[in-house]
Every structure is written in C-alpha cells, then in structure tokens.
Amino acid sequence: MAGHLKQANLITAQERLRDQVAHALRAALISGELQPGLVYSAPALASDFGISATPVREAMLDLVREGLVEPVRNKGFRVTEVSGRDLDQYSELRALIEVPTVGAVTRSASREQLQALRPVAEEIVASAREHDLIGYLDADRRFHLSLLGLHGNERLVETVGDLRKRSRLYGLRALDAQGLLLPSAEEHLELLDRMLAGDAAEAETVMTRHLGHVRSLWAAEGS
C-alpha cells in the first residue's frame, strides 16, 4: 500500500512539472521567444529548462492539442503560424462572448467581487510600466478569466481561455517599444471603474474597444 502511495506522489509531481513547463512554453510563445514556423526539439528545450526531456515532450503534446504547435517527425515541434483570418475569427468569438458577459457581470456581481479584481488590474499596469511582458500576460489572463468567472459559467471561461491560448497576443513587444502597452493596460482599470459604477452599457463599450485594440496588435504584427 505504501508503495502505491509513493508512486502516486511521484506521478503527481511529474504532472505538476509538466504543467509548469507547458505554462512556460505558452509564455515563450506569447512573448515571441518561440517563433512561428520554426522547429524546436524537446531535448534542446529541456536543456534550457535544466530538466529531462520527458516532461518537456509531454508539455509539447499538450500544446499540440491546443493547436499551438504541431509535431514534426524525428525533429520536434513546429510553432503553428496563425493567419489573419484565424485571428479575425478568434477576435469575433471573444467579442461575442466577453462583451455581453461583462454587461451581465456588471449587473449581477457585488462590489466586493469586483473590487477583488483591482489588485490584478493594477498588476497589469505595473507590469506594463516595467516592460515585463510575461508578467503582463499572466496578470491579463487572470483578470479576464476571473472577471468572466463571476458569471458562473465554467464552460464559458474554458472557451475564452482556449481562444486566448490559440490566438496568443501578437505584437506585444512592438506595442511596448512604441509606448502603447501602458494605455492598453490602463483599460482594465477603466473597465473595472465602469463596472463598479453599475454602468453595464459603458462597460460593454470599454470591453469592445479593448478587444479591438488587441486585434489591431495582431494586424500590426503581421504587417
């Protein structure tokens, strides 16, 4: 019995490492450290992480299922290239889901629930000021998914989370270099203020504008 428990603990630890590697790889994809169209081998990436190739290979298979990379026989994994048409469709889906959900949450959430999101919104702004793109993306993900979570539909949150992974946020480095990342970050505070004021229509307007800015980043990156 004790042997089985020990084995289970080892498996759990391995799964956690796999999740950590997958998160790090997604961050590298989003920030542009891993480039679309290029092939990366699990052993080489494992060397960068200072771990064995197994959890890296498993994490890459998770990314294959998410459509972020594709396997290349006997070579490794190629980062998938996302077309402008793909990005348009992801953007449209996000708007269809997130804009009305923000309106609904504005009408249903308590002030305490909304105020609890302010530290995360401020973290987004602080990361933008510090040019910390990975921190920005992590805080941005937590803010948006936590906000949507107040609606109480777990499948909705999963769907938007998947759309975010597939689209990634192209153009962040260029946006940061142009000094435009901070204004985009501050929109999260503006959105929260409108929601706290109980103005569902204006909150939807801010969210629509914010998602439009995200799509414009993708367009700029592809030009």
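Analyst: H144 is buried in this predicted model. Its relative accessible area is 2%, and the cut-off for buried is under 20%. So H144 falls on the buried side because 2% is under that limit.

H144 belongs to helix α7, which covers residues 133–149. Leaving out residues up to four places away in sequence, H144 touches R94, E98, R164, H188, M207 and H210.

Now step back along the chain. Helix α6 spans residues 118–129 and has 12 residues. From first C-alpha to last, α6 reaches 17 Å. That is close to the 16 Å expected at 1.5 Å a residue.

Which residues of α6 are buried? They are V120, A121, I124, V125, S127 and A128. Viewed down the axis of α6, these buried residues fall within an arc of 160°, so they line one face of the helix.

What do the buried residues of α6 pack against? One partner is α7, the helix that holds H144. The others are α9 (172–177) and α10 (181–196).

Just after α6, H131 takes a positive phi of about 60°, although H131 is not a glycine. Most residues other than glycine have a negative phi. H131 counts as exposed, at 51% relative accessibility. The cut-off for exposed is over 50%, so H131 passes because 51% is over that value.

N74 also has a positive phi, near 65°, and is a residue other than glycine. N74 sits in the loop between β2 (69–72) and β3 (76–79). N74 is exposed, with a relative accessible area of 75%.

The axes of α2 (residues 42–49) and α3 (residues 53–65) come within 8 Å. They cross at roughly 115°, and the crossing is right-handed. On the α2 side, the contact involves A42, P43, L45, A46 and F49. On the α3 side, it involves A53, V56, R57 and M60. By class, this contact has 8 nonpolar, no polar and 1 charged residues.

How values were computed: Residues numbered from 1 in each chain as written. Predicted model: local features only at pLDDT ≥ 70, side-chain atom pairs only at ≥ 80, totals over all residues. Heavy atoms only, no water. Axes fitted to C-alpha atoms, helices over the stretch in contact; angles between N-to-C directions. Helix = DSSP H or I, 4+ residues; strand = E, 2+ residues; numbered from the N terminus. Left-handed = near helix turned anticlockwise from the far one by under 90°. Contact = heavy atoms within 4.5 Å. Nonpolar A, V, L, I, M, F, W, Y, C, P; charged D, E, K, R; others polar. Buried < 20%, exposed > 50% of the residue type's maximum accessible area, 1.4 Å probe, protein only. Expected span 1.5 Å × (residues − 1). Arc of directions from axis to C-beta.
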